[in-house]
Amino acid sequence: MERRRLLIASPFPHFLNEYGTQLANEFEIQRANSEDVVNFLSKEWNPHLLVVDGDSPLFNACARFRSRLSIQQLGLIVVTREFTTNREERALRAGCDQMVLYPTGAEAFCLRLLALGQRVQTTSGQQFSGLTNVVAMNGSHGRPEPIVFGEIHVHPKDHLIKRGEALVTMTPLQFKLLL
């Protein structure tokens, strides 16, 4: 089986170094310290997963990263020390699959990446077996209207669920089952 390629984007060279051994056992890893390097490696190296430092200016480029690579081509995770509902909503609206609070256990983080990598296509067009993200199934046919049930609002294209003003967190598989 082809090893998944992981691109870590941060201007800080020590970002996620403590996970290095665990990640190196499962992934081919490259690092990018700017948006230009992320774009270059995305085109030339075709990573399956992109982990973005949510506490750096690269967080603001997530929507641009997603616009260049579809949800079937790239799993996109933001890692941050400053986890807020507003920040998570910004990440999800930008097309990120998940936002992870740092620090987290190395094994749990690696398992999260492996699970996300299961839905990403290989360069040959074959898909790793496993999860499918519902956003990909909705296509790009404009912005569908939210599904409203009482105080719960489901935004299928954005993979976003709100209860009142609070954001409800679900995995892609849970979201798929909900719809």
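Predicted model: local features only at pLDDT ≥ 70, side-chain atom pairs only at ≥ 80, totals over all residues.

Visitor: Which residues of helix 2 (residues 35-44) are buried?

Guide: A residue is called buried when that area is under 20%. In helix 2, the buried residues are Val38, Leu41 and Ser42. Viewed down the helix axis, these buried residues fall within an arc of 105°, so they line one face of helix 2.

Visitor: What do the buried residues of helix 2 pack against?

Guide: Their partners are strand 1 (4-9), strand 2 (27-32), strand 3 (49-53) and helix 3 (62-68). After helix 2 comes Asn46, which has a positive phi, near 55°.

Visitor: In which sense do strand 4 (residues 75-80) and strand 5 (residues 98-101) pair?

Guide: Strand 4 and strand 5 pair in the parallel sense, over 4 bridges. As an example, Thr80 has Leu101 in strand 5 as its bridge partner. Together with helix 4 (residues 85-93), strand 4 and strand 5 form a β-α-β unit, and this unit is right-handed.

Visitor: How many helices and strands does the protein chain have?

Guide: The protein chain has 7 helices and 9 strands. Of its 179 residues, 44% are buried. Its accessible surface is about 9500 Å², with 52% belonging to carbon and sulfur atoms.

Definitions and conventions. Residues numbered from 1 in each chain as written. Heavy atoms only, no water. Buried < 20%, exposed > 50% of the residue type's maximum accessible area, 1.4 Å probe, protein only. Helix = DSSP H or I, 4+ residues; strand = E, 2+ residues; numbered from the N terminus. Arc of directions from axis to C-beta. Contact = heavy atoms within 4.5 Å. Pairing = 2+ DSSP bridges. Right-handed = clockwise from strand over helix to strand, strands pointing away. Areas by Shrake-Rupley, 256 points an atom, 1.4 Å probe, with all protein chains shown as cover.
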